[in-house]
Amino acid sequence: MPATFDQKIHETLADANLQLAIYTATGRLMDHRKHAVEPAALPDYQELRTNAHAIKQHAIDHLDHYLEQFEANVTAHGGKVVYAKDATEAADFVLALAKQHGARLIVKSKSMTTEEIDLNERLAHHDLEPVETDLGEYILQLAHQRPYHIVAPALHMTRYDVADIFARRLGVPNETVIEKQTMTARAVLRQKFLAADIGISGANFLVADSGAVVVVENEGNARLTTSAPAVHIAIAGIEKVIPRAQDLAVFLKLLARSATGQALTVYTSFLSGPRRAGEIDGPEEFYVVLLDNGRSRLLADREKRQSLYCIRCGACLNHCPVYRKIGGHSFPWIYSGPIGAIITPQFLGVMREPGLPFASSLCGACAEVCPVKIDIPKVLLELRAEVKKAEEREGKGRVERLAFKLWAWVMCHPRMYEMAAMAARSLAPADNSGWMRRVPALMDLPPVRAWLSQRDLPPAPPRSFREMWRKR
Amino acid sequence: MPKRVALFVTCIVDQLFPKVGMAMAEVLERLGYQVDFPEDQTCCGQPAFNTGYRPEARQVARHFLKVFRDAEYIVVPSGSCTSMIVHHFEDLFHNDSDGVAAARTLAPRVFEFSRFLLEVAGADDVGARLDEVVTYHDSCHALREFGIQDGPRRLLAHVRGLELREMDAATECCGFGGTFSVKFPEVSGGMARTKIDSIVRTGARTVVAVDCSCLMQIQGAMSRAGLPLATMHLAEVLASR
Amino acid sequence: MSREHVLHKVRTALGRTAGQAIAEPPPARLRIPVVDVETRIASLLRNVEALAGKTRRVATREDARAYVSGVLDSKSAVASNAPFLRECGITELPGVRSGLTDAHELRVHCATAGLGITSADYALADTGTLVMLASADEARLISLLPPVHIAVVPAERVLTSLDELFTVVPHPDARTSSMVLITGPSRTADIEQILVRGVHGPGEIHVVVVG
């Protein structure tokens, strides 16, 4: 039986080392971002956010137009666009192309979209060898684990974990010095880059007026993935389209600063088509797989459509006090943190993990740092309403629904409210000068018990405000 | 002729922290306002809205609109309740044009307490005195939905005898979040404990905030941890003499 | 594949019809700061150094050659076919292989060379960025495979910012299949957030501004 959401949360909270790792890593990323976007560093920050939101809104609202423009330009540059309605179609395309080329070794740069569609599993099943080349993703691949965080995938691992994984899977001596571990990976992966038949990347942006795929990274593995093999396939969600190359002047200023606090990542590649006549190196074939996989369904909802504006910076994860406690692996899908909490129910259905939209205090820290101004708390509230409607349809949660119906009736009838409140106060222990650790049996309801599991309850005052007011 | 304000004390203050309501009234009267308490008030509907029960929240919101329809100013000792009324009532009534109109007419008249003092009453010194070392917790809704951050600190700065020590992570959520506190108690409790660590590091003896739900969460966790620290709503601090 | 299927679903979701006109996009936002050449260059070098890159400002091409020679220090190198490198005499330095036009040959040399030497099409002052467009003059792998990368850039190619780049080059795709912005040496912090340089790309970079 796979662990439930609550179980995974509990396990993560109980692991003191993991708590420290998550807290420290996210704290550092928050700090870096703060220094990169403060007025002295980026005076236009708020204006850029507004612009970015407006551009995304426009692109998404006219997505069909921009997809077609993108496709025309990719084609004009000698590339090919493939539309994949779901994970199977995307993987089928890669498999067919690999077969056509007699390809076996595939290098991959970091792409959440390819994890979303379980591409590696599918490729490996057909005797292809997909190798993750981003250091964090490579380690995870060897360890058969999912990423922990959108931008820092191996955030939960220590150098000792990495030493064990490398020793076990690569047959190298147990080495705990991080720089040496990195050099080991470098040496192994260098051979893969140079021998690979196909390179698969994601795309941070798809530029409609240029037919270009934009990939940002710090290591150089994406450049190698997209330059060394003869074939480059970029797989990206349809929502990644932006109208113009010039719009990158807005997005690139926000992405790295929001993600890691860098002004720009070390490498930003703007790739349009296979190598041109006269160019010396680069792929001979260039494909872009435009993945739907449920995105078109999200588009239909005007209020929640903004969930597709995400540029995957990870800032919402870093600032979320809930993520900082429960970590990335508690989430049911590949996308974690606040953005994961709003897109997972929309992609997989609200009843896949009905608790997910409720695993938030709605503090709004995410919305405050989102470079494209997605109103995450608003979408969470909408999803909560959808969960309750779905529960009603499925005949679940009857007791809670009834309780709230009763509650609403009482709250609309002031005299009933006063009587109910007085009755509740009379249940409280008589001698109650201090905060309470326990309650009498009559008050022992699940929400009260849940509250008391973590903190004390306030004593009931002898008189309510309105009673005091009347006696003034 | 003194101006009139209507108090919306909120259900949590009414039932659990009535002194906060009394303190709020006292400060407003000190500033020359005539304070009304429309007796039919109950709740803003946030618990139902927060939990996904929009029809139920709508019913309660309608009742609220009726009770406060004629009030010129409505003062609220809570950022989250003010946010519910000012930002979310419209969401509840999106198919009901009368409801939307009523919500829109009401919204500009509803003020969180500290904002009322500073922006309407124009007062940052209310003649308060409290010999105490305090720290201030930025309640999320007040902070992020209304930009309430400098305001309470300005008001506290004028309280004679008061020393304010800033905690690191003052703007981090205390972990209450309404139903979140009981649906995900372990996470909520963890967030409260992180907040308390921050509080303890200041050496302050009292935590001040503009929202009783935050104070209930923080005080409840401090009590459980056996810490001899107290909480006070901003209104209570300002009412002190 | 599913072209019509996906586009149809998108249009239906948006309430749009095939070929329907679009509203005007928000105007492109490009703000070019006014900065004189000297300040620009100083800013570029400062920003490269802040990222642990090495920099040198030289007056003449000979000085550029001398600097590169010093860094070379009898190691092997691959130089791009950028005319400017030839003008500086850098392609004549001992141990430097240039004039490569065959992809396979280039790859073999880049994989074993100790240094890659290129020019750059532009440099961006406010972020310490080199802009490399792939062409007959500049291959992709030279600035990528060897562990050290030296870029020798004429002063007039130093721009202020990204905004200026996208004003001067609004359509990179019209010129090249690959435009790469290089900002500092390759790095990762994937393990315990500890910074390590030179993961896949060069761990050491030098930016020489000439003139």
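How many residues of chain B are in contact with chain A? In this predicted model, 51 residues of chain B contact 46 residues of chain A, contact meaning C-beta atoms, placed from the backbone, within 7 Å. Local features need pLDDT of at least 70 and side-chain atom pairs count only at pLDDT 80 or more, while totals for chains, interfaces and linings use all residues. Residues are numbered from 1 along each chain as its sequence is written, with chains lettered from A and ligands numbered from 1 in the order written.

**Chain B side of the interface**
- Elements giving two or more residues include α2 (18-30), α4 (54-67) and α12 (212-224) of chain B; helices are DSSP runs (H or I, at least four residues) and strands likewise (E, at least two), numbered from the N terminus.
- The largest share, 8 residues, comes from α11(B).

**Helix pair in chain A**
- The axes (lines fitted to C-alpha atoms, for helices over the stretch in contact) of α8 (135-143) and α9 (159-170) of chain A come within 10 Å and cross at roughly 60°.
- I139(A), L142(A) and A143(A) of α8(A) meet V162(A), I165(A) and R169(A) of α9(A).

**Sheet in chain C**
- The open sheet of 6 strands has the order β1-β12-β7-β4-β2-β3 (chain C), with parallel pairing; strands pair if DSSP finds at least two bridges between them.
- β1 (54-58) and β3 (96-97) of chain C each have a single partner strand, so one side of each lacks a neighbour in the sheet.
- Strands β7 (148-154) and β12 (204-210) of chain C run parallel, joined by 7 bridges; V208(C) in β12(C) is the bridge partner of V152(C).

How values were computed: Contact = placed C-beta atoms within 7 Å. Axes fitted to C-alpha atoms, helices over the stretch in contact; angles between N-to-C directions.
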